[in-house]
Amino acid sequence: MQPAVTKRAAVFAVPLALALGLQFADTPEASAETCPSDNAGLSLPKGFCATVFADNIGHARQIAVGKDGTVYVNTWSGVYYKNNDLPSGGFVVALKDTKGSGTADVVKRFGETQAEGGKGGTGVALYNNYVYAEINDRIDRYPLKDGEIAPEGKAETVLSGMPINGDHPMHPFIIDSDGNLFVSMGSATNSCEIKNRMPHTMGHEPCIELETRAGVWKYDAKKIGQKFSPAERYATGIRNGEGFDFDSAGQLYVTQHGRDQLHENWPELYTAQQGFDLPAEVVVALKKGGDYGWPHCYFDGEQQKLVLSPEYGGDGGKKVGRCAEKLGPVAWFPAHWAPNDMKIYKALAFPEPYRNGMFIAFHGSWNRAPAPQGGYNVVYQPFAEGKPTGKFIVFADGFAGAEKNPGGAAHRPSGLAVGQDGALYISDDVNGRVWRVTYSGDPNSKTLEAAPEIQAQAANSGQALPPEGIHPEAGAVAALPVPPGSTADQVALGKKVFDGDVGGATCAGCHGAGGVGSPVGADLTSGKWLWSDGSVEGITKTILAGVPEPKEHPGAMPPKGGVELSDEHVKAVAAYVWALGNQKK
């Protein structure tokens with residue numbers, strides 16, 4: 001095994017002044033800004049304050065912060081989002097607070113526009129007076145002059161030809177102080193199956209996909225005109241690495257999204273509860289030539305080890321086989337939370353317990369349906385000398401709002417960055433919000449405190465509610481049309497099946513509550529039918545057959561959604577889906 005990466009990222013290095021403990025005029029201790037009583041809608045530990053730094057800037061993904069405090073955000077289009085309301089201009093956004101108010105008063109967009117064929121991207125970084133940003137299948141860089149907020153110079157293409165098909169078309173990246181560019185290439189499939197996400201489908205052997213996907217590639221950030229190829233693969237077996245950062249010793253770490261659908265695809269090996277709880281989301285220490293196990297292995301957080309995937313001969317978590325030779329994680333978290341970014345806090349503005357550990361933005365689950373979804377938060381993992389020093393805490397919560405599901409969440413954390421003053425920036429890719437989190441509490445605090453738990457019910461309600469509460473969609477079923485040959489009772493039953501209240505289906509997990517669509521499932525309320533004529537009979541056939549190769553969306557659907565639905569339940573959910581697509585807007 002080759003030695004670990006040992007170059008600290010210049011982009012995220014702690015400035016010398018901070019390292020010496022010098023005070024800036026705009027640090028939380030010296031700032032006159034006050035915190036809104038509601039922390040901009042978030043729940044945070046005592047002493048922390050969140051303000052809305054920017055809002056409605058597009059599907060905000062990852063973030064970089066310049067030495068002058070300018071915040072650069074990459075925004076994304078693509079198949080993951082509804083794109084009829086994108087802001088005009090380029091997909092990279094420069095944000096600057098020139099008044100010290102905690103909110104950006106200058107917002108400038110640059111780069112290729114949608115009209116020019118741009119679809120944006122996830123990764124963004126600063127290096128050697130350039131802004132680097134992923135767009136479509138490439139990474140471009142924009143020259144940044146002194147005093148310039150948004151680059152006005154022409155972009156140069158550093159790397160092109162990156163794969164953008166399949167389940168994970170995003171390419172987060174990081175650049176170290178020597179200009180080494182580490183880029184993630186997410187997997188095209190769930191677990192390299194012969195038929196992606198279909199029940200009882202074995203995995204390809206060998207998994208040729210690993211030649212160009214599911215790993216980290218290394219390039220030269222100082223060189224333009226590079227072309228993607230298998231030759232530059234640096235590490236393999238990382239299903240979807242998104243959050244990169246270096247620790248103070250120079251070791252590079254990356255998060256990984258774990259696989260989905262263990263129960264749906266292998267119900268004889270995994271219970272529904274095991275499907276909710278497996279596998280763990282992880283952080284790995286990146287090593288040159290390292291193999292982290294995907295697709296042959298997944299990490300079982302309960303057993304704290306890599307075990308063999310069912311597509312490669314696994315038996316539900318007992319067999320280890322070839323996984324004994326793979327590299328395990330350094331930290332792990334609940335299943336399906338989706339770690340979209342990670343930053344190691346090397347600044348001094350937060351009190352000592354929050355330093356040198358990992359802040360991780362969890363985008364939020366869909367594959368825990370029909371159980372309650374998880375994630376939609378930012379956690380802090382205490383960490384030192386390559387390993388956790390305690391249990392993680394939920395640092396920031398409340399992003400999702402009333403509906404913690406991918407189709408209904410108000411906000412979903414996606415990107416993280418630490419400013420020169422130590423402020424933590426958090427982006428949201430639903431409504432394009434960026435929060436700025438500062439600390440104004442006791443600077444000598446030695447307590448690591450979690451955010452107060454979000455209460456599902458308003459504390460000031462003066463009227464007692466029924467034990468089951470009042471569902472936000474109460475009355476919605478009664479307002480839906482009833483398809484010919486069906487009954488209102490069938491539509492009502494179909495909603496229960498869709499929501500997972502009956503039959504154990506995961507429909508709402510993919511398509512969102514009310515079928516409004518999500519990053520992994522189509523919008524069923526649009527009235528657009530791709531696989532049939534939209535009749536109940538046609539919808540029924542689609543449910544029974546599944547959708548192994550979606551036409552306009554990344555999420556493949558197994559037959560019956562991957563569970564054993566009765567004929568009655570299939571007919572009912574087909575009637576409900578018809579009703580969703582034919583309701584009056």
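Author: Helix α7 passes helix α8 in a right-handed crossing. The model is a predicted one, and these values are computed from it. α7 covers residues 536–545 and α8 covers residues 567–582; the angle at which they pack is about 120°, and their axes lie 9 Å apart. An angle of 65 to 115 degrees would count as roughly perpendicular and one over 145 as roughly antiparallel, so α7 is oblique to α8.

Next come the covalent links. Searching the whole structure gives 2 disulfides. In one of them C192 is joined to C207, with an S to S distance of 2.1 Å. The torsion about this S-S bond is about 105°, and the disulfide of C192 and C207 is therefore right-handed. Both cysteines sit in the loop between β11 (180–185) and β12 (215–220), so the bond ties together parts that are 15 residues apart in sequence. C192 and C207 are both buried.

The sulfur atoms of C297 and C323 are 2.2 Å apart and form a disulfide as well. Here the torsion about the S-S bond is -100°, and the link is left-handed. C297 belongs to strand β18 (residues 297–300), while C323 is in the loop between β19 (305–308) and β20 (331–333), so this pair ties together parts that are 26 residues apart in sequence. C297 and C323 are each buried. Another cysteine, C507, has a relative accessibility of 17% and so counts as buried, the cut-off being under 20%.

Strand β20 also holds F333. With a relative accessibility of 4%, F333 counts as buried. Its C-alpha atom is separated by 5.5 Å from that of A280, although F333 and A280 are 53 residues apart along the chain.

The peptide bond from L278 to P279 is cis, with omega near -10°. P279 is in the loop between α3 (272–277) and β17 (281–285). The bond from W294 to P295 is also cis, and its omega is near 0°. P295 is placed in the loop between β17 and β18. Two asparagines stand out by phi. N39 is not a glycine, yet its phi is positive, at about 50°. N56, not a glycine either, has a positive phi of about 55°.

N39 is found in the loop between α1 (16–19) and β1 (48–54), and at 13% relative accessibility N39 counts as buried. N56 lies in the loop between β1 and β2 (59–65), and a relative accessible area of 57% makes N56 exposed.

That leaves the aromatic side chains. The count of aromatic pairs comes to 28. Y253 is in strand β16 (residues 252–256) and F383 in strand β24 (residues 383–384), so the pair ties together parts that are 130 residues apart in sequence. Y253 is buried, with a relative accessible area of 3%. F383, at 5% relative accessibility, counts as buried too.

Y354 and Y380 make a tilted aromatic pair, with 5.7 Å from centre to centre and 55° between the planes. This pair links distant parts of the chain: Y354 is in the loop between β21 (339–344) and β22 (358–362), Y380 is in strand β23 (residues 377–381), and the separation is 26 residues. Both tyrosines, Y354 and Y380, are buried. They also belong to a cluster linked by ring pairs, made up of F48, Y345, F350, Y354, F359, Y380, F395 and Y439.

A ring also takes part in a contact with a charge. The charged end of R141 sits over the ring of Y130, at 4.0 Å from the ring centre.

How values were computed
Residues numbered from 1 in each chain as written. Predicted model: local features only at pLDDT ≥ 70, side-chain atom pairs only at ≥ 80, totals over all residues. Heavy atoms only, no water. Disulfide = S-S within 2.5 Å. Helix = DSSP H or I, 4+ residues; strand = E, 2+ residues; numbered from the N terminus. Buried < 20%, exposed > 50% of the residue type's maximum accessible area, 1.4 Å probe, protein only. Phe/Tyr/Trp six-rings, centres within 6.5 Å; stacked < 30°, edge-to-face > 60°. Lys NZ or Arg CZ within 6 Å of the ring centre and 35° of its normal. Axes fitted to C-alpha atoms, helices over the stretch in contact; angles between N-to-C directions. Parallel < 35°, antiparallel > 145°, perpendicular 65-115°, else oblique. Left-handed = near helix turned anticlockwise from the far one by under 90°.
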